[in-house]
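Below is a walk through a predicted model.

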Number of protein chains: 2
Amino acid sequence: MEWLPLEMIAFDADDTLWENERYYQEGRQLFEALLAKYPLSGDLAALLDATEMRNLPVYGYGVPGFAFSMIETAIEATHGMVSSRDIQALVDLSKQMLTAEMALFAQAEETVARLSAVYPLMLITKGDLRHQLSKLERSGLKGYFQHVEVVQDKNSQIYADILTRHHLAAKRFLMVGNSLRSDILPVVALGGRAIYVPNSLTWSHEQVEPPETAWGRYYQVARLGEVPGLIEQLSTETS
Amino acid sequence: MEWLPLEMIAFDADDTLWENERYYQEGRQLFEALLAKYPLSGDLAALLDATEMRNLPVYGYGVPGFAFSMIETAIEATHGMVSSRDIQALVDLSKQMLTAEMALFAQAEETVARLSAVYPLMLITKGDLRHQLSKLERSGLKGYFQHVEVVQDKNSQIYADILTRHHLAAKRFLMVGNSLRSDILPVVALGGRAIYVPNSLTWSHEQVEPPETAWGRYYQVARLGEVPGLIEQLSTETS
């Protein structure tokens, strides 16, 4: 596959540049601990998953939908016995998650700094506009990105719209992210480039097996810090 | 004040093109009716207002923050006596509000259709990205707008950023909206044009008295349907 000079490098944000899923997993643990004192009907984790999936079309991705789903699941699983004090604890958890300290991954800043010296960078992130922009501000990385796209979902159509809007050819666009489903496969399907940086914590909803047609069409590195070197190597080999 | 030909007309969405505040007022009524059976401490409406204002920096504008504030206020005002059934009713209300039928104001479509035949149109709306885009889709008006900006707040800095991004001169930009605070005064302060279309239902948070410096620097009409005629008249008189 011919390697053309890149005109834009885009990064996913949550779980690619900074911790995110960890807060949800900690939230789930708090949720289970809060409800441990009640007699429960059914498997709490499975009930919460099902409620989240049912609520996704209404609330979308993000903390508010997660918190409403916890509240609903708490009421359902305890047959309405859950105390208002415990419901308040779930509301408080949503506030803590929305204002939590940013935890950047090792070499996140170094990586975007190195690349931004050579390429225009774009952030493409899914979720609530306000919360995503707030995290970008607090991350200290905002200045490295020329464009920020907060999208409702990440599929090939949405990536195609972004490419059109920014007058970019897919072959000259590279996406870096931790989710095969959201960051890698839809970009590869358009003929774009992608570097997969797996994260040990990935939401089950994001986990997919790559189809055979995607084999060999994206790159994979173990750590974010390896991304600039890989791009440099690919650019040099083929120029 | 010299009238230059317009290069862009922007519309606010909520309570300018379609009903919005009505759903919040109905929500408040349901909230008060739900809690009427409990002995309450303090004035419920005032408590809810205070909770909303306190939560605004965390949740931002929109239905989720409103619903979390109702849940917190219900717990606080009933000293924790509120039943989980009533809390579930507040969660259900948030879902109803997020998926409610769109109610367009009279002549909304005619107004944007007439203007879009002559000018590029932009929608500038405050709130949750997902919910705002979902309402625009459902409104049937999406095709009339060349650009959509969903912003976290509406102040002069944010309007200035939008003008810069779209290479627009303030004097050639006109904003139409129902809120002096959010749609009219910040645009006038930049030297832009604005048409104020008051709405009988306006959230108290949006109500301000215009400062003297703004007097005579924006136009006012009673109904949305008068906007195209006013713009035509202003353009003809001065060309």
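Start at Ile71(A). Apart from its neighbours within four places in sequence, Ile71(A) is in contact with Ile87(A), Leu90(A) and Val91(A) in its own chain, and with Phe68(B), Ile71(B), Ile87(B) and Val91(B) in chain B. The largest nonpolar core has 54 residues, and Ile71(A) and Ile71(B) are the ones that touch the most other members. Two or more residues of this core come from each of helix 1 (21-35), helix 2 (44-59), helix 3 (63-77) and helix 4 (84-99) of chain A, and from each of helix 1 (21-35), helix 2, helix 3 and helix 4 of chain B.

Next, the contact between the chains as a whole. Chain B puts 30 residues into it, and chain A puts in 30 residues. About 2,600 Å² is buried between chain B and chain A, with carbon and sulfur atoms giving 62% of that area. On the chain B side, Phe68(B), Arg130(B) and Gln152(B) supply 24% of the area buried against chain A, more than any other three residues.

Polar links are also present. There are two salt bridges between chain B and chain A. One of them joins Glu72(B) to Lys95(A), with the closest N and O atoms 2.8 Å apart. Between chain B and chain A, 14 residue pairs are in polar contact, both residues being at pLDDT 80 or more.

Which elements of chain B give two or more residues to the side that touches chain A? They are helix 2 (44-59), helix 3 (63-77), helix 4 (84-99), helix 6 (129-139) and strand 3 (147-151). Helix 4 of chain B gives the most, with nine residues. By class, this side of chain B has 17 nonpolar, eight polar and five charged residues.

Terms used: Residues numbered from 1 in each chain as written. Chains lettered and ligands numbered in written order. Predicted model: local features only at pLDDT ≥ 70, side-chain atom pairs only at ≥ 80, totals over all residues. Heavy atoms only, no water. Contact = heavy atoms within 4.5 Å. Buried area = accessible area lost by both parts, 1.4 Å probe. Salt bridge = Lys/Arg side-chain N within 4 Å of Asp/Glu carboxyl O. Polar contact = N/O pair within 3.5 Å; in protein donor to acceptor, adjacent residues only side chain to side chain. Helix = DSSP H or I, 4+ residues; strand = E, 2+ residues; numbered from the N terminus. Nonpolar A, V, L, I, M, F, W, Y, C, P; charged D, E, K, R; others polar. Core = buried A, V, L, I, M, F, W, Y, C linked by side-chain atoms within 4.5 Å. Buried < 20%, exposed > 50% of the residue type's maximum accessible area, 1.4 Å probe, protein only.
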